[in-house]
Amino acid sequence: MVVRPLADHAFSNVRTWAEIQQAHQTWWTNYNQEDHYAHRERQDGRHSPSKVLRGVLGRTYPPEVLSRILYATQFTRHLDRHGYIKFKNWRLFGENGLAGEEVSVWVYDGTLKIEYQTTALSLYSVRLSPDQQITEVTNPRRLETRFRSPQLDLWQVSDTNGSWLCGV
């Protein structure tokens, strides 16, 4: 497929976030405006994705609307001095190397994710009650990140000894 190499080339020379956004916009426009091989045999003269779809199958939402929708499942907390957060009556581990820092907590599809500056720190499987309270937390997963504390742990952290999570 030609799309991947074109995208790779477009992004290979960018150095800033603004350049990434511009490269993506240029690639997206070109991809949707150019005739595609998959549509070559259409008899109605519509050979590019934008002409085939004509805007009827999708909607564009303003960033403010998307932010409001997504914010419903995102929360912010501060890690305590041991790297834990308190969230909905639970104490959950984030990263001890980031003590005191603000993190995002995402809850979606039975998963709770703690992240710092778009880097996932830990993941948990959660069960929610009908009123969106956490009733069970299982399967804690600490992810390797560049934020890990240089201080070695005195003991091995595991999900069986209760050091990962506890109900408050």
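Modeller: Buried means under 20% relative accessible area, exposed means over 50%, and partly exposed covers what lies in between. This is a predicted model, and those cut-offs apply to its residues.

Colleague: Why is Q21 called partly exposed?

Modeller: Its relative accessibility is 44%. That value falls between 20% and 50%, so Q21 counts as partly exposed. Q21 sits in helix α2, residues 17–33. Its C-alpha is 9.6 Å from that of F11, a residue 10 positions away in sequence.

Colleague: What makes D44 and R42 a salt bridge?

Modeller: The criterion is a side-chain nitrogen of Lys or Arg within 4 Å of a carboxyl oxygen of Asp or Glu. Here the N to O distance is 2.6 Å. That is within 4 Å, so the pair qualifies.

Colleague: Are D44 and R42 buried or exposed, or in between?

Modeller: D44 has 39% relative accessibility, and R42 has 30%. Both values lie between 20% and 50%, so both residues count as partly exposed.

Colleague: How do you know that E95 and R142 form a salt bridge?

Modeller: Their closest N and O atoms are 3.1 Å apart. The limit is 4 Å, so the contact counts. E95 belongs to the loop between β3 (90–93) and β4 (102–108), and R142 to strand β7 (134–142), so the pair ties together parts 47 residues apart in sequence.

Colleague: Why are E95 and R142 called buried?

Modeller: E95 has a relative accessible area of 0%. R142 comes to 18%. Both are under 20%, so both count as buried.

Colleague: What makes K113 and E115 a salt bridge, and are K113 and E115 buried or exposed?

Modeller: The closest N and O atoms are 3.3 Å apart, which is within 4 Å, so the bridge stands. K113 has 19% relative accessible area and E115 has 11%. Each value is under 20%, so each residue is buried. As for networks, salt bridges with shared partners join R42, D44 and R46 into one. The structure holds 7 salt bridges.

Colleague: Which residues of the largest nonpolar core touch the most other members?

Modeller: I85, F87, L92, L112, I114 and Y124, out of 20 residues. At least two core residues come from each of β2 (84–87), β3, β4, β5 (111–116), β6 (119–128) and β7. Membership requires a buried residue, with side-chain atoms within 4.5 Å joining the set. I114 touches partners that include I85, L92, V103, L121 and Y124, leaving aside residues up to four places away in sequence.

Colleague: What makes Y61, L66, I69 and L70 a nonpolar patch?

Modeller: Patch residues need over 30% relative accessible area and no salt bridge, with nonpolar side chains joined within 5 Å. Take L70, in helix α4 (residues 63–71). Its relative accessible area is 47%. That is over 30%, so L70 passes the area test. Together the four residues have about 380 Å² of accessible area.

Colleague: How many helices and strands does the protein have?

Modeller: There are 4 helices and 8 strands. The order from the N terminus is α-α-α-α-β-β-β-β-β-β-β-β. Of the 168 residues, 28% count as buried. Accessible surface comes to about 12,100 Å², with 54% belonging to carbon and sulfur atoms.

Terms used
Residues are numbered from 1 along each chain as its sequence is written. This is a predicted model: local features need pLDDT of at least 70, side-chain atom pairs count only at pLDDT 80 or more; totals for chains, interfaces and linings use all residues. Side-chain values use heavy atoms; hydrogens and water are left out. Buried means under 20% relative accessible area, exposed over 50%, partly exposed in between (1.4 Å probe, protein chains only). Contact means heavy atoms within 4.5 Å. Accessible areas come from the Shrake-Rupley method with a 1.4 Å probe; for residues, only the protein chains shown count as cover. Patches are made of residues with over 30% relative accessible area and no salt bridge: like charges are joined within 9 Å, nonpolar side chains (Val, Leu, Ile, Met, Phe, Trp, Tyr) within 5 Å.
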